[in-house]
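Let's take a friendly walk through a protein and look at how its charged side chains pair up. Keep the sequence and the 3D view side by side as you read.

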Amino acid sequence: MLKQLLLAATRFCGLQAFARWHNRDRLLVLCYHGVVTGDRTEDQYLYRNTVSAREFAAHLDAVVARFHVVTASDVLAWVGGRAPLPPRALLLTFDDGYRNNLTVAAPLLAERGLSALVSVSTDYIDSDRMLWAMELDLRLRHWSLPTIPLPDGTVVPLPAAPAARDALSADVRRRCKQLPDAQRRRYLFDLFGDRPLPEPARLDDELWRFLTWDEVRALRAAGMEIASHTCSHPILSRLEPADLAHELVASRLRIEQELGGQCTMLVYPNGGADDVSPTVLKAVAAAGYRLAFSLTEQRNSRRPEPLAIDRIGIPGHVGLEPFHYRASGLRNLLSPGERQ
């Protein structure tokens, strides 16, 4: 409550308005994942990457009042020197390709005449699979053995308390993301094999269900733009060169085959500073992409690198005041890591 009050104070005293003015020539890109119908406050860990429809509607109303919402095509024309962006330009993006982007988010966007860039991981579209990180969370919640091996080979007791299990899952996920991708896959297969998820671990579809290709086409028909999020959602800097090329090229070709036309935009899985190396950037250019988005929690420079457009993530369950604080740019102004 104290944090909410302090952030509200920065809004009412004009600090956030100053930050928006200061950043008026810097593109702001917001990153969402899922939008679900209910608040899901009873399970904030599993729903950490989702916002409720109520939250999302409030975000959109705040955005419309304070920013000029642009499309990814507008951004592509801008970085190519073909057209300017308006002051306080903002782009909305969605990662992974969840069905709720169509069923929940798209109608709220349409009500306000807005568009967004939706990136899809093509191996998951039209499938009954979960992303490996979510599957890890669920399996550890229902792990029946007294111990569990970690990615480095050590074996630890499995906590009994649900919150402690979730904390362990977050640590295992972090360790997995630091591994070479082939090693990560081996670890998860050794841990879980090809055993199906326990039935109680199956959550409501809104959290994890992916789009079908027909639904991707419906999103595009509703005015959304579609980008690649690779085939299988690996961290690209952890891949061998041949696997890197496959993830980039095969996903682009599949999107072009299913939708028609060119796919020239990419969203990096995970997207942190360590996930997008010079080798990755070179491969992305060679694969034919002209615009690509990271997730480094930074405002963009006045003339960003087209294959490394920064985004700011919007988590769930944080309230409207933290959203204002992030979107205004004040959070980055007060951080010593802000890029000028």
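A salt bridge is a side-chain nitrogen of Lys or Arg within 4 Å of a carboxyl oxygen of Asp or Glu. You are looking at a predicted model, where local features need pLDDT of at least 70 and side-chain atom pairs count only at pLDDT 80 or more, while totals for chains, interfaces and linings use all residues. Residues are numbered from 1 along each chain as its sequence is written, and side-chain values use heavy atoms, with hydrogens and water left out.

Start at Arg141, which forms a salt bridge with Asp166, the closest N and O atoms being 3.0 Å apart. Asp166 sits in helix 7 (residues 162–177) and Arg141 in helix 6, so this contact ties together parts 25 residues apart in sequence. (Helices are DSSP runs of H or I with at least four residues, strands are E runs of at least two, and both are numbered from the N terminus.) Arg141 also forms a salt bridge with Asp43, at 2.9 Å between the closest N and O atoms. Asp43 belongs to the loop between strand 2 (34–36) and strand 3 (50–52), 98 residues from Arg141.

How accessible are these partners? Asp166 is buried, with a relative accessible area of 9%, and Asp43 is buried at 13%, whereas Arg141 is partly exposed at 28%. Here buried means under 20% relative accessible area, exposed over 50%, and partly exposed in between (1.4 Å probe, protein chains only).

Now find Glu321 and Arg11, whose side chains meet in a salt bridge (2.5 Å, N to O). Glu321 is in helix 13 and Arg11 in helix 1, 310 residues apart.
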